[in-house]
Amino acid sequence: MTISRKCVPFTPFDRELSKSTIAIVTAGGVHLKDQEPFNIADELGDLGFREIPPDADSAQLIVTHHHYDHTDADADINVVFPIDVLRDLQAEGVIGGLAKKHIGYMGYTMQLKAMYEGTAREIANEIDRGSRADAVVLTGG
Amino acid sequence: MKGIPTVLITVSPEVSAQMRPPRALYPKGFKIGNSLGRPGMRDLQQQVLRDALALLNQNTRPGDTATREYPEYGEQYEPPRVKKL
């Protein structure tokens, strides 16, 4: 595989961080316990994603993903989905606040085109229209 | 749709670089599944997130990955390499 020839989708950030709302989007398979788990039985991967509200209790967040060792995330979800850490930074005044929506998806797929052209755009739309995020932190597993 | 500023925290910098993320932080030696550090290391997790967010305002070159070292993480791990075809 070679480096993508697509241009770098760089969007300038011209706000003050301390007045900005931040969203987390993770490929680490994170979701709430009462949300439908990702389908790890499908060898092609699960193209879905789950919306996580900003007031989610981190103890209620779990990982369904079988392509990385998530033992540490099971003990502390913040190692891949730093929602409590964002709250710390909000309390310190480093950021303005947490966005209204955060996203977990399972970043393993054999359907790259569908992930790139479908899921990724749907997630971007959710963040753009529904989250009021000024910037996004992306994490993998 | 307007663009959305993003910053990636990656523990597989060679792999993620293939997609040319606009801004990326590699906490050197962190293993897969430890993007922000180890469980319960809240001070470290805060520092990694602060450093990642700081890249939003820094004059980074789009597509580059910034590497930072965090000795308090402890044992270091080699990141996965991209197989040359």
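## Exercises on a two-chain model

Let us begin with a helix: α3 of chain A (residues 112-131) has a kink of about 25°, centred on A:Ala120. The bend at a residue is the angle between axes fitted to the seven residues ending there and the seven starting there. Helices (H or I, at least four residues) and strands (E, at least two) are DSSP runs, numbered from the N terminus.

This is a predicted model, in which local features need pLDDT of at least 70 and side-chain atom pairs count only at pLDDT 80 or more, while totals for chains, interfaces and linings use all residues. Residues are numbered from 1 along each chain as its sequence is written, and chains are lettered from A and ligands numbered from 1 in the order in which they are written.

### Exercise 1: the kinked helix

Find which residues of α3(A) are buried, and what covers the buried residues.

*Solution.* 
- Step one: apply the burial test, by which a residue is buried if 20 or more other C-beta atoms lie within 10 Å of its own, exposed if 12 or fewer, and partly exposed in between, with C-beta atoms placed from the backbone.
- Step two: A:Met115, A:Thr119, A:Ile127 and A:Ser131 of α3(A) are buried.
- Step three: the cover over the buried residues of α3(A) includes β1 (21-26), β3 (49-52), β6 (102-105) and β7 of chain A.
- Step four: look just after α3(A), where A:Arg132 takes a positive phi of about 60°.

### Exercise 2: the neighbours of β1(A)

Work out which strands join β1(A), and in what sense.

*Solution.* 
- Step one: two strands pair if DSSP finds at least two bridges between them.
- Step two: β5 of chain A (residues 97-98) runs parallel to β1(A) and is joined to it by two bridges, with A:Thr21 opposite A:Gly97.
- Step three: β7(A) pairs with β1(A) in the parallel sense over five bridges, and A:Val25 has A:Leu138 as its bridge partner there.
- Step four: two bridges join β6(A) to β1(A), again parallel, and here A:Val25 stands opposite A:Ile103.
- Step five: five of the six residues of β1(A) are buried, so this strand is largely enclosed by the rest of the structure.

### Exercise 3: chain B by itself

Describe the pattern of chain B along the sequence, and say how its radius of gyration compares with the globule rule.

*Solution.* 
- Step one: chain B has two helices and three strands, in the order β-α-β-α-β.
- Step two: the radius of gyration of chain B is 13 Å, close to the 12 Å that the globule rule gives for 85 residues, so chain B is as compact as a globular protein of that length. The radius is taken over C-alpha atoms, and the rule is 2.2 Å times the number of residues to the power 0.38.
- Step three: of the 85 residues of chain B, 39% count as buried.

### Exercise 4: where the chains meet

*Solution.* 
- Step one: residues are in contact if their C-beta atoms, placed from the backbone, lie within 7 Å.
- B:Val7 is the bridge partner of A:Val137.

Terms used:
Two residues are in contact if their C-beta atoms, placed from the backbone, lie within 7 Å.
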